Amino acid sequence: MDILERSHLTIIREVAREGSLTAAGARLNVTQPALSHSIRKIEQQLGVKIWRREGRSLVLTQAGEWLLSLANRLLPQFELAESRLEQFANGGRGTLRIGMECHPCYQWLLKVVSPYLERWPKVDVDVRQKFQFGGIGALFSNEIDILVTPDPLYKPGLKFTPVFDYELVLAVGPEHPLRNAKFVLPEQLAEETLITYPVPSERLDIYTQFLQPAGIGPRQQKQIETTDIMLVMVAHGRGVAALPRWLVKEYATRFQLHPVKLGKKGIAKQIFLGHRETDEDIKYLEDFIKFASETGK
């Protein structure tokens, strides 16, 4: 059996990602026939079947699934190494990959990214959503460089820096009976429709810090991915939502929203930026965290 090559892993990953040879070929800048030939050659070289045909689809065999898992672990390491070497060669040039575990944080992030790019003209920023609520693994696998999260999970090799304080409040519409309340109690939400992002309830502070300790649940929960649509629904009386006070204030005039404190004491939160300790010598990453901290104050 010949030695497994990086190109083999790349092809396996792209075919699995794209779901078709045509799309994978476009990603790899090769034609579909050329990619088919490469697939046959890989199987001949390795002496094992990696794919099997099911109709028009290619499905990974058990060996193929194992190789895909290997590709997903190793290829990001190669890509990170090449990126780092390029940065060393060019001095401060690279891409800062940011993973988001905070749906409503994009407006805040925009305020940081725009001036940051002016400070670092040779650095690009790539914001990735697919790591929502699974970003720790993405940091460890080198798929992202910074994780934006309100819920840091401290692990050896990772460092989290608080950059922004905020209060979680209940957003209600202009006709809602709670719109002028000083605060809301958990039992007052028992008959409400709670609009949330598509996140498990165990990761939502409105549940873990407010409703569940009181043994209360909303009458109904609706999940909406887009902040603007969520706020339109709240403004039109279709439900209420728990959001950062700063976000509600920014949209208050546009959507006629009212922020109401959650409980007598409120719910205080922070946004953290997580990164690998081994990356602390990367100047543009260090400066992003410092600049974000200054912007958040």
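Visitor: Which domains each give at least three residues to the lining of the largest cavity?

Guide: Keep in mind that this is a predicted model. The largest cavity holds about 320 Å³ of space, and 22 residues line it. At least three lining residues come from each of two domains: domain 2 (88-163 + 271-296) and domain 3 (165-269).

Visitor: Which element supplies the largest share of that lining?

Guide: Let's start with the elements that each bring at least two residues to the largest cavity: strand S6 (158-172), strand S8 (193-196), helix H7 (205-211) and strand S10 (240-244). With 4 residues, the largest share belongs to S10.

Visitor: How many residues in the lining of the largest cavity are nonpolar?

Guide: Sort the lining of the largest cavity by residue type, and you find 2 polar and 4 charged residues. The nonpolar group of this lining numbers 16.

Visitor: How many charged residues are in the lining of the second largest cavity?

Guide: Leu189, Glu192, Leu194, Leu211, Pro218 and Val240 line the second largest cavity. Of these lining residues, 5 are nonpolar and none is polar. The number of charged residues is 1.

Note on methods. Residues numbered from 1 in each chain as written. Predicted model: local features only at pLDDT ≥ 70, side-chain atom pairs only at ≥ 80, totals over all residues. Heavy atoms only, no water. 1 Å grid on protein atoms, 1.4 Å probe; cavity = no way out; pocket = protein on both sides within 12 Å on 5 of 7 lines; lining within 4 Å. Points joined across faces, edges and corners; volume = space filled by probe spheres on them. Nonpolar A, V, L, I, M, F, W, Y, C, P; charged D, E, K, R; others polar. Domains from an automatic or database assignment.
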